[in-house]
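Here's a quick tour of the contacts and the overall build of a protein chain. Have the viewer open and follow along.

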Amino acid sequence: VHLAKFFMRNAELVRRPSFETEVFISNEAAVAQNTRYVDEDLNRCYFLSDLTAELPASANKERKRAREVNAKLGPKESAEPRCDFVI
């Protein structure tokens with residue numbers, strides 16, 4: 001988290017002419033609570049079946065955030081996703 005925030009403040013350090021770098025905090029709610037996750041491990045929310053199924057109103061923060069990140073970086077089901085590599 002600290003490194004991501006550092007790179008967000010100093011984007012020129014990760015900028016290269018051969019590729020685009022975008023740095024963001026994926027689970028802001030968990031960072032705000034100083035925990036790994038709030039309701040569910042975000043890494044377990046990226047199954048294609050979960051991302052494409054109808055999202056229930058009762059969905060937790062991580063499930064909602066996974067869809068936001070998927071829309072920003074993918075979408076995962078796309079033949080031409082926006083990014084090739086995510087750390």
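## Salt bridges

Across the whole structure, a search turns up seven salt bridges. Keep in mind that this is a predicted model.

At 24% relative accessibility, arginine 63 counts as partly exposed. Salt bridges with shared partners also join Glu20, Glu22, Lys72 and Arg82 into one network.

Then there's arginine 36 with aspartate 41, whose closest N and O atoms are 3.1 Å apart. Buried or exposed: where do arginine 36 and aspartate 41 fall? Arginine 36 counts as exposed, at 56% relative accessibility. Aspartate 41 counts as buried because its 16% falls under the 20% cut-off.

## Rings and a charge

How many aromatic pairs does the count come to? The answer is one aromatic pair. It consists of phenylalanine 6 and phenylalanine 7, with ring centres 5.8 Å apart and planes at 55°, so the pair is tilted. Phenylalanine 6 has 33% relative accessibility and counts as partly exposed; phenylalanine 7, at 23%, counts as partly exposed too.

Phenylalanine 6 is placed in helix α1, which covers residues 2-9. Together with Leu3 and Leu13, Phe6 forms a nonpolar patch on the surface, and the three have about 270 Å² of accessible area together.

Which residue lies over the face of phenylalanine 24? That would be lysine 72, at 4.2 Å from the ring centre. Lys72 is also one of the members of the salt-bridge network with Glu20, Glu22 and Arg82.

## Around helix α4

Helix α4 runs over residues 61-73 and includes asparagine 70. Asparagine 70 is buried, with a relative accessible area of 12%. Leaving out residues up to four places away in sequence, asparagine 70 touches Leu51, Pro75, Lys76 and Glu77. Proline 75, one of those partners, is found in the segment after α4. The peptide bond joining glycine 74 and proline 75 is cis, with omega at about 0°.

Arginine 67 is in helix α4 as well, and is partly exposed, with a relative accessible area of 23%. Apart from its neighbours within four places in sequence, arginine 67 is in contact with Asp50, Leu51, Thr52, Ala53, Glu54 and Leu55. Phenylalanine 24 is 43 residues away from arginine 67 in sequence and 15 Å away in space, C-alpha to C-alpha.

One more for anyone who likes backbone torsions: asparagine 34 has a phi near 55°, a positive value in a residue other than glycine. Where does asparagine 34 lie? Its place is the loop between α2 (28-32) and α3 (48-52). Asparagine 34 is exposed, with a relative accessible area of 72%.

## The whole chain

Zooming out, the chain has four helices and zero strands, and it reads α-α-α-α along the sequence. The C-alpha trace spans about 40 × 35 × 15 Å along its principal axes.

Of the 87 residues, 23% count as buried. The accessible surface of the chain is about 6,700 Å², and 53% of that belongs to carbon and sulfur atoms. As for contacts with a separation of 6 or more, 29% come from residues 24 or more positions apart.

Note on methods: Residues are numbered from 1 along each chain as its sequence is written. This is a predicted model: local features need pLDDT of at least 70, side-chain atom pairs count only at pLDDT 80 or more; totals for chains, interfaces and linings use all residues. Side-chain values use heavy atoms; hydrogens and water are left out. Patches are made of residues with over 30% relative accessible area and no salt bridge: like charges are joined within 9 Å, nonpolar side chains (Val, Leu, Ile, Met, Phe, Trp, Tyr) within 5 Å. Accessible areas come from the Shrake-Rupley method with a 1.4 Å probe; for residues, only the protein chains shown count as cover. A salt bridge is a side-chain nitrogen of Lys or Arg within 4 Å of a carboxyl oxygen of Asp or Glu. Helices (H or I, at least four residues) and strands (E, at least two) are DSSP runs, numbered from the N terminus. Rings of Phe, Tyr and Trp (its six-membered ring) pair if their centres lie within 6.5 Å; planes under 30 degrees apart count as stacked, over 60 as edge-to-face and the rest as tilted. Buried means under 20% relative accessible area, exposed over 50%, partly exposed in between (1.4 Å probe, protein chains only). A charge sits over a ring if NZ of Lys or CZ of Arg is within 6 Å of the ring centre and within 35 degrees of the ring normal. Contact means heavy atoms within 4.5 Å.
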